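Please look at the sequence and the model before reading on.

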Amino acid sequence: MDEAKRFNDIRQVTYRNRLNIGFFRDKTNWENAPAFLDKNRLIINNHPVMEDWEDNYMKALAEVACSKRGVVMEVGFGMGISAEYIQSHKIREHIVIEANKSVFEKLQDFKMNSIKPVRPIFGFWQDVTKNIPDNSLSGILFDTYPMSKKEIHSNHYEFFPEAFRLLKPSGVFTYYSDEIRNFSHEHRNKLELAGFKKIDKRICQVNPPKECRYWKSNTIVIPIIIK
Ligand SMILES: C[S@@+](CC[C@H](N)C(=O)[O-])C[C@H]1O[C@@H](n2cnc3c(N)ncnc32)[C@H](O)[C@@H]1O
């Protein structure tokens, strides 16, 4: 099967699954929804938000986000997997933004036990990153979740201009890419429109279980985007 077809099939499956689970119109519903968390997964409003097979992918994203040291911002705490990896790097400060109250409580516990200083911020990035100055971050790791039908497969796109604003020149941006081996034309275009010119990637080998409802490939792209 050629890559474009496989990519499309994966997207269709994820799209259908997420639509079938359904979205709430009001974002406060996500804020207040109970989070089901065990060592393998995080479920919010019946959505499979995060699973532990992503561990080595999160490790790789953290490595990229911390490669310039300094202040590193993470958007979406989830199971705290990437956050743990970020803490193992030589960074000055770790900002973490999280929009779900139950997950935010876990983030506060994480702060208490962390080695590097953690600054937890509660809210949707759309409401809170405006308080962070331009050109102030060395690295960003973005991994959120779609809040509506419109955001399925594109929740990262809206953040691209904000990532460009927040990063220092030569700062690095990485994120859950939703891509198997290459950036789609649309994806690359969104990065360029946001101002990014140095667009690179590595491929991560992953092993999602058959029953995973959002990823059906053995590879996923690690974006390495430099301002
Ligand atoms: C996929 S998980 C993050 C997984 C994390 N990287 C890890 O390693 O465990 C997504 C998280 O982003 C949060 N989230 C979703 N949309 C958000 C937004 N717009 N702003 C901030 N957090 C958001 C969710 O509540 C969830 O905890």
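The count of aromatic pairs in this structure comes to 16. The model is a predicted one.

**An aromatic pair**

- A pair of aromatic rings is described by the distance of the centres and the angle of the planes.
- In the pair of Tyr 57 and Tyr 176, the ring centres are 5.9 Å apart and the planes stand at 75 degrees.
- Planes over 60 degrees apart count as edge-to-face, so the pair of Tyr 57 and Tyr 176 is edge-to-face.
- Tyr 57 belongs to helix α3 (residues 55–65), while Tyr 176 is in the loop between β8 (167–175) and α8 (185–194).
- The pair therefore ties together parts that are 119 residues apart in sequence.

- The ligand is found in the largest cavity.

**Backbone contacts of the ligand**

- A polar backbone atom of Gly 78 is 3.2 Å from an oxygen atom of the ligand.
- For Met 79, a backbone N or O atom is 2.8 Å from a ligand oxygen atom.
- Ser 82 has a polar backbone atom 2.8 Å from an oxygen atom of the ligand.
- The ligand taken alone exposes 600 Å², and the protein buries 99% of that area.

**The side chain of Ser 114**

- Ser 114 is in the loop between α5 (101–113) and β6 (118–122).
- A polar atom of the Ser 114 side chain lies 2.9 Å from the backbone oxygen of Lys 111.
- The backbone oxygen of Lys 116 is 3.2 Å from a polar side-chain atom of Ser 114.

Notes
Residues numbered from 1 in each chain as written. Predicted model: local features only at pLDDT ≥ 70, side-chain atom pairs only at ≥ 80, totals over all residues. Heavy atoms only, no water. Polar contact = N/O pair within 3.5 Å; in protein donor to acceptor, adjacent residues only side chain to side chain. Areas by Shrake-Rupley, 256 points an atom, 1.4 Å probe, with all protein chains shown as cover. 1 Å grid on protein atoms, 1.4 Å probe; cavity = no way out; pocket = protein on both sides within 12 Å on 5 of 7 lines; lining within 4 Å. Sits in = over half its atoms within 2 Å of the grid points. Phe/Tyr/Trp six-rings, centres within 6.5 Å; stacked < 30°, edge-to-face > 60°. Helix = DSSP H or I, 4+ residues; strand = E, 2+ residues; numbered from the N terminus.
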